[in-house]
Amino acid sequence: MTKPVWIKHAAQLATLASDVNGPRSREAMSELGIIEDGSVWLEDGVVKAVGTTAELEQQYASRAHEADIVDASGHLITPGLVDPHTHVVYGGSREREFEMRLEGSTYMEIMNAGGGIHATTRMTREASEKELIEQSTRRLNSFLAHGVTTVEGKSGYGMDLETELKQLRVMKKLQETHPVDIVPTFMGAHAVPPEYKGREDEFVDIVIEEMLPVVAEEKLAEFNDVFCEKDVYTPEQSERILEAGKRYGLTPKIHADEIAPYGGAELAAKVGAISAEHLLKASKEGIHAMAEAGTIACLLPATALYLREEAAEGRYMIDHGVPVAISTDANPGSSPTTSMPLVMNLACISMWMTPAEALTAATHNAACAINRQDQVGSLEVGKLGDVVLWNVKNYQELQYLFGVNHVKSVWKKGVQVVGADGEKVVSNPGVVLERS
């Protein structure tokens, strides 16, 4: 049994509490539930109380001696950040492709030449579970050091049954051993394997008839994703895969309209996807359809920056009623970062989101995009004790001082996992590693 934690006297505590239970859009994305001189009491892994320091001093005066007391004077407190779109489990790296792009090659040219996703697929197929766990643990440590306490993780670097299952089983093991919670997504249709080029429908049949049943039987994923894009999977093929996943109890997600307008946003609304990802080239009609359907736009501004593309129209989406979440898209080819603070900065700079909207997109709406809003994404009584203490005094400063990791301390389920000034992270219970 761990001691209670009492974090008090925060200059500003952003609870993200709101009367809106589902994903927030329009003006609701600016509702941060700010408490000045804020205080939060964590116990038994959850938030037991949140309010002003004066209120909690009155409530917990008789128990103060039981708790680890943290003076947050001059600092901002927020919920743990949530990253709703990552490819955190994979083998190898692709730094050479970064150089190739700077020399003029496009993302799709690299992939069609056997690089890109195909290169990572080869390295992931060759890696053992042990190797994948070791590599992914380092990435999760980095996420934690940047204030992220929950991530979604996609398979998709196998594109054969054995490797897809290997990726998902690694996520399951990491969920059991690492403080960061991992929410698994099956993405067998991440690309078309080279051996099936020209026989795409045949591979779609394999995903539906051979992969999905095993993933569902072993309960290895909650979501089913597909890369709906020109020269990858057509809207018709994508719909088949997503509808098949629904029959197995997997909620649809979709990589949509990243490279070219392709009807992915419209398809997301049609199949009732919980979220559509990327959306750099989404049509106005698709955006409006998503707003009507309540589909969350999961926007990835670091990916757009890395690929030197115009960012998605986050401002337009919010103004027209689409709930927006943001993510690192952590992956080896188009966004090799684990910095959600940077992504929040970019949401403001490149997508014209306000600082309040960016924080909502990285917490409450991000939690909604992976169906975890009842557990994380806000500091409310009964939710997990996932808390970040920042080396800034308010949420505006968090976005204003961009490109810096302002994390001071992190608690996961009421246990401190990033220590004073972010110097250490906890990888496994009882094991403290140097910050990576």
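A salt bridge is a side-chain nitrogen of Lys or Arg within 4 Å of a carboxyl oxygen of Asp or Glu, and in this predicted model the side chains of Asp160 and Arg125 meet in one, at 3.2 Å from N to O. The structure holds 28 salt bridges, while a search of the whole of it finds zero disulfides. The UniProt annotation "domain: Amidohydrolase-related", which comes from an unreviewed entry, covers residues 77–417; this span is 44% helix and 17% strand, and its end C-alpha atoms lie 15 Å apart.

**Salt bridges**

- Asp160 lies in the loop between strand S7 (148–154) and helix H6 (161–177), and Arg125 lies in helix H4 (residues 117–126), so their pairing ties together parts that are 35 residues apart in sequence.
- Asp160 counts as partly exposed at 24% relative accessibility, and Arg125 is also partly exposed, with a relative accessible area of 32%.
- Another salt bridge joins the side chains of Asp181 and Lys413 at 3.4 Å, N to O, and this pair links distant parts of the chain, 232 residues apart, with Asp181 in strand S8 (residues 181–189) and Lys413 in the loop between strand S15 (407–412) and strand S16 (415–418).
- Asp181 is buried, with a relative accessible area of 10%, whereas Lys413 is partly exposed, with a relative accessible area of 37%.
- Asp181 and Lys413 also belong to a network of salt bridges that links them with Asp386 and Lys412.
- The side chains of Glu97 and Arg94 meet in a salt bridge of 3.0 Å, N to O, and both of these residues are buried.

**A buried lysine without a salt bridge**

- Lys253, found in strand S10 (residues 251–256), is buried yet has no salt bridge, because the nearest side chain of opposite charge, that of Glu277, is 4.1 Å away, and a salt bridge needs a nitrogen within 4 Å of a carboxyl oxygen.

**Cysteines**

- The sulfur of Cys228 is 16 Å from the closest cysteine sulfur, that of Cys298, which is too far for a bond.
- Cys368 is likewise in no disulfide, with the nearest cysteine sulfur, again that of Cys298, 12 Å away.
- Cys228 counts as buried at 0% relative accessibility, and Cys368 is buried too, with a relative accessible area of 4%.

**Helix H13 and its ends**

- Helix H13 (residues 340–351) is mostly covered, with nine of its 12 residues buried, among them Met340, Val343, Leu346 and Cys348.
- Ser339 caps the N-terminal end of H13, where a side-chain oxygen of Ser339 lies 3.1 Å from the backbone nitrogen of Leu342.
- H13 is followed by Trp352, whose phi is positive, near 60°.

- Ala302, which lies in helix H11 (residues 301–306), is buried, with a relative accessible area of 7%.
- Leaving aside neighbours within four places in sequence, Ala302 is in contact with Thr328, Ser334, Ser335, Thr337, Val343 and Leu346, and the last two of these are among the buried residues of H13.
- Gln135 lies in helix H5 (residues 129–145) and is buried, with a relative accessible area of 18%.
- Not counting residues up to four places away in sequence, Gln135 touches Tyr90, Gly91 and Gly92.

Note on methods. Residues are numbered from 1 along each chain as its sequence is written. This is a predicted model: local features need pLDDT of at least 70, side-chain atom pairs count only at pLDDT 80 or more; totals for chains, interfaces and linings use all residues. Side-chain values use heavy atoms; hydrogens and water are left out. Helices (H or I, at least four residues) and strands (E, at least two) are DSSP runs, numbered from the N terminus. Buried means under 20% relative accessible area, exposed over 50%, partly exposed in between (1.4 Å probe, protein chains only). Contact means heavy atoms within 4.5 Å. A disulfide is a pair of cysteine sulfur atoms within 2.5 Å. Lys and Arg count as positive and Asp and Glu as negative; His and the chain ends are not counted. A polar contact is a pair of N or O atoms within 3.5 Å; within protein, one must be able to donate a hydrogen and the other to accept it, and residues adjacent in sequence count only if both atoms are side-chain atoms. UniProt positions are given in the numbering used here, feature names are shortened, and annotations may be inferred rather than shown by experiment.
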